[in-house]
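Please look through the sequence and the model before reading on. The report below takes up aromatic rings, a helix and a pocket in turn.

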Amino acid sequence: MKRFLLAMMFLSIVISTIGCSSSGASYSSEEAIKRGDIVYQREAANLERFEQFLLNLSNKKEDTIRVTGYTDEGDPIFQDLQFDGKDIQYTYDNSKDEFGGKDKGIKKDVCTEITKKENEQGEVEFFISGCSKGNDGFLIRVEKDKLKHN
């Protein structure tokens, strides 16, 4: 009987651990930064890579980046931007968001530019824009003094 109870306790711990682990936890912000993603949480990591992408955009040079943001619960939201020298192939993926609701999934669009705007706090916000489906969207927010190229 004791073995049965111990086995059941062990099994319930294993099941609860598996059941409670978030699907997004498998892609931590530390791993994303190591892989070269531009990670946006409270601050932006790999910001120099984002600025290089903007420079390549203005020089019509092909480039690809991933911007990874995280929900309050820690689930990743991916934004892939692939510039072919003319247009930006944009992919928004919130399929790992546990609380994403019925609209979660992967959405693709073709966009023409990244715009920036300074907010009232003196931060610069970057947006993907000129999208064919009208789904312009927020990318990252950065303190102005952290940017090398304004």
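## Aromatic pairs

Phe78 has a relative accessible area of 6% and is therefore buried, a word that stands for under 20% relative accessible area, with exposed meaning over 50% and partly exposed the range in between, for a 1.4 Å probe and protein chains only. This is a predicted model, in which local features need pLDDT of at least 70 and side-chain atom pairs count only at pLDDT 80 or more, while totals for chains, interfaces and linings use all residues. Residues are numbered from 1 along each chain as its sequence is written, and side-chain values use heavy atoms, with hydrogens and water left out.

Rings of Phe, Tyr and Trp (its six-membered ring) pair if their centres lie within 6.5 Å, and planes under 30 degrees apart count as stacked, over 60 as edge-to-face and the rest as tilted. The count by this rule comes to 4 aromatic pairs. The rings of Tyr27 and Phe78 have centres 5.4 Å apart and planes at 65°, so this pair is edge-to-face. Tyr27 lies in the loop between α1 (2-20) and α2 (29-34), whereas Phe78 lies in strand β4 (residues 76-83), 51 residues apart; helices (H or I, at least four residues) and strands (E, at least two) are DSSP runs, numbered from the N terminus. Tyr27 counts as buried because its relative accessibility is 10%.

## Helix α3 and Phe50

Helix α3 covers residues 47-58, and its 12 residues reach 17 Å from the first C-alpha to the last, close to the 16 Å expected at 1.5 Å a residue, where the expected span is 1.5 Å times one less than the number of residues. The buried residues in α3 are Leu47, Phe50, Glu51, Phe53, Asn56 and Leu57.

Phe50 counts as buried because its relative accessibility is 0%. Leaving aside neighbours within four places in sequence, Phe50 is in contact (heavy atoms within 4.5 Å) with Ile38, Ile65, Ile114, Phe126, Leu139 and Ile140. Phe50 and Ile65 are 15 residues apart in sequence, and their C-alpha atoms are 7.5 Å apart in space.

## The largest pocket

On a 1 Å grid over the protein atoms alone, a pocket is an open set of points where a 1.4 Å probe fits, with protein on both sides within 12 Å along at least five of seven lines, and lining residues have an atom within 4 Å of a point. The largest pocket has a volume of about 310 Å³. Of its 16 lining residues, Leu54, Leu55, Leu57, Ser58 and Ile114 are the closest to its centre. The largest share of the lining, 5 residues, comes from α3.

Technical notes: Grid points are joined across faces, edges and corners, and a volume is the space filled by probe spheres set on the points.
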